[in-house]
Amino acid sequence: MSTSGPVATSQPPDDGVEGNARLTSMNGMLLLALLAVEGFTVLSVRQMITLHVFLGLVLIGPVLLKTGSTTYRFARYYVGSQAYLEKGPPHWLLRVLGPIVIVSSFSLLGTGVGLLAVKPADPGLLLTAHKASFAIWVAAMTLHVLGHLLGGAMTAWSELRGSSDGSAPRGRGLRLTLIALALVTGIATATVLLPTASPWTTRTSASNDR
């Protein structure tokens, strides 16, 4: 009779860790799509100022959710959660870029919202700050997207595919609900605040007609 030692078995990924990764990736893909359209409006912002402002406000909800999910992972890792330690941190460059992306995103959105409260003829330093935030944000976000695009797309696809084969970890319904709520929050914010942008949109439309 033969004997053998204990058989090593691989532990399945922790539902909380995997769920956080899937939430971040799915929301990240949504953000990428919205940002692609927003970036297109920058090419001719005077002609598409209304869409530019509306999408900028819509982004607030998904950006807040993305910040929350990534900050949660950061906190769990650095307080020594075993599951997150086993998952490991992102590449050091992406960890350095993370705070820059967050700060520049909030600065960009914050100055954009602030511009709605001032007259186009006298924006003060807000417009300068908005443009400066955009320049920093584009540089940081480009590296951030390149570093996360492949892994994020694969994780998001796993989440979508899990609905048909049942492989998605627990909490998929909650994750999709959070993403939907973030998007709805952004749309509601844009709907409420867009009328305050009329001095900008009206002025730009009038200048285009001349």
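The points below cover confidence, fold, salt bridges, aromatic residues and surface.

1. Confidence. The model is predicted. The mean pLDDT of the protein chain is 87, and 87% of the residues reach 70 or more. The exception to note is residues 1-10, where pLDDT stays under 50 and the model has zero contacts beyond four places in sequence. Where pLDDT is low, the predicted coordinates should not be read in detail.

2. Overall fold. The protein chain contains eight helices and zero strands, so from the N terminus on the order of elements is α-α-α-α-α-α-α-α. Of its 210 residues, 35% count as buried. Among contacts with a separation of 6 or more, 76% are between residues 24 or more positions apart. The accessible surface of the chain comes to about 12500 Å², and carbon and sulfur atoms account for 69% of that area.

3. Salt bridge within helix H1. By the rule applied, the count is three salt bridges. One of them joins the side chains of Glu-18 and Arg-22, at 3.0 Å from N to O. Both residues lie in helix H1 (residues 15-42), four residues apart, which is about one turn of the helix.

4. Salt bridges between helices. Arg-22 forms a further salt bridge with Glu-159, with the closest N and O atoms 3.1 Å apart. This pair links distant parts of the chain, since Arg-22 is in helix H1 and Glu-159 is in helix H6 (residues 126-165), 137 residues apart. Glu-159 in turn meets Arg-175 in a salt bridge of 2.7 Å, N to O. Arg-175 belongs to helix H7 and Glu-159 to helix H6, so this pair ties together parts that are 16 residues apart in sequence. Both Glu-159 and Arg-175 are buried. Through shared partners, the salt bridges join Glu-18, Arg-22, Glu-159 and Arg-175 into one network.

5. Aromatic residues. A search of the whole structure finds four aromatic pairs. One of them is Tyr-72 with Tyr-84, an edge-to-face pair with 6.2 Å centre to centre and 80° between the planes. Tyr-72 is in helix H3 (residues 60-78) and Tyr-84 in helix H4 (residues 82-87), so the pair ties together parts 12 residues apart in sequence. Tyr-72 counts as partly exposed, at 42% relative accessibility, whereas Tyr-84 is buried, with a relative accessible area of 4%. Phe-74, Tyr-77 and Tyr-78 form one aromatic cluster.

6. Nonpolar surface patch. Which residues make the nonpolar surface patch of about 480 Å²? They are Trp-92, Leu-93, Val-96, Ile-100 and Ile-136. Helix H5 (residues 92-115) supplies the largest share of the patch, four residues. Trp-92 is found in helix H5 and counts as exposed, at 55% relative accessibility.

7. Val-184. This residue lies in helix H7 (residues 172-193). Val-184 has 52% relative accessibility and, because the cut-off for exposed is over 50%, counts as exposed. The C-alpha atoms of Val-184 and Gly-61 are separated by 7.6 Å, although the two residues are 123 residues apart along the chain.

Note on methods: Residues are numbered from 1 along each chain as its sequence is written. Side-chain values use heavy atoms; hydrogens and water are left out. Helices (H or I, at least four residues) and strands (E, at least two) are DSSP runs, numbered from the N terminus. Buried means under 20% relative accessible area, exposed over 50%, partly exposed in between (1.4 Å probe, protein chains only). Contact means heavy atoms within 4.5 Å. Accessible areas come from the Shrake-Rupley method with a 1.4 Å probe; for residues, only the protein chains shown count as cover. Patches are made of residues with over 30% relative accessible area and no salt bridge: like charges are joined within 9 Å, nonpolar side chains (Val, Leu, Ile, Met, Phe, Trp, Tyr) within 5 Å. A salt bridge is a side-chain nitrogen of Lys or Arg within 4 Å of a carboxyl oxygen of Asp or Glu. Rings of Phe, Tyr and Trp (its six-membered ring) pair if their centres lie within 6.5 Å; planes under 30 degrees apart count as stacked, over 60 as edge-to-face and the rest as tilted. pLDDT is the predictor's confidence in each residue, from 0 to 100.
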